[in-house]
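Colleague: Before I set anything up with this model, I would like to go through its architecture and its side-chain links with you. Could you show it first?

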Amino acid sequence: MMSFRNLLGATALAFGLAACADSPPPVVAPTPPPVAAPAPPQAPAVADLVGARAVPGARQLTARGYRLARVRGMTRFYWHAAASTCVRTTVARGRFSVVEQVPPAACGR
């Protein structure tokens with residue numbers, strides 16, 4: 001024979017389970033996607049300046065965000081701070097004969 005206490009406990013358990021069955025599942029907020037770090041800015045291209053006259057070519061480098069970092073004879077090194085990029089130019093016969101990206105150390109960085 002079931003005691004009153006056991007009957008009361010079983011009834012409470014039955015009502016509790018019935019209440020759980022009727023309640024909607026808890027709402028879980030979706031996990032936001034991970035935020036990727038922004039890619040570093042790319043330095044403007046400079047290969048098109050090979051063969052350009054030296055003075056207008058230097059102006060064009062400045063217009064593209066490069067700043068003169070170092071001069072060594074007919075070779076100049078330009079630094080693009082936003083992209084942490086160093087470019088070396090060499091002048092022959094008044095024109096850029098070489099315009100290429102070099103390691104940042106070449107610009108003293």
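Colleague: Which pattern of helices and strands does the protein follow when read along the sequence?

Modeller: Bear in mind that this is a predicted model. The protein contains two helices and four strands. Taken in sequence order, these elements give the pattern α-α-β-β-β-β.

Colleague: Are Cys86 and Cys107 buried or exposed?

Modeller: Burial here requires a relative accessible area under 20%, and buried residues make up 22% of the 109 residues in the protein. On that criterion, Cys86 and Cys107 are both buried.

Colleague: How many salt bridges does the count come to?

Modeller: A pair qualifies when a side-chain nitrogen of Lys or Arg is within 4 Å of a carboxyl oxygen of Asp or Glu. Asp48 and Arg64 meet this with an N to O distance of 2.7 Å, and Arg88 and Glu100 meet it at 1.9 Å. The count therefore comes to two salt bridges.

Colleague: How many residues apart are Asp48 and Arg64, and in which loops do they lie?

Modeller: Asp48 sits in the loop between helix H1 (4-22) and helix H2 (54-63), whereas Arg64 sits in the loop between H2 and strand S1 (67-72).

Colleague: What is the relative accessible area of Asp48?

Modeller: The cut-off for calling a residue exposed is over 50%. Asp48 is classed as exposed, and its relative accessible area is 52%.

Colleague: Which strands does the pair Arg88 and Glu100 tie together?

Modeller: The side chains of Arg88 and Glu100 meet in a salt bridge. Arg88 counts as partly exposed at 24% relative accessibility, and Glu100 is also partly exposed, at 32%. The two residues are twelve apart in sequence, and the strands in which they lie are S3 (residues 85-92) and S4 (residues 95-102).

Technical notes. Residues numbered from 1 in each chain as written. Predicted model: local features only at pLDDT ≥ 70, side-chain atom pairs only at ≥ 80, totals over all residues. Heavy atoms only, no water. Buried < 20%, exposed > 50% of the residue type's maximum accessible area, 1.4 Å probe, protein only.
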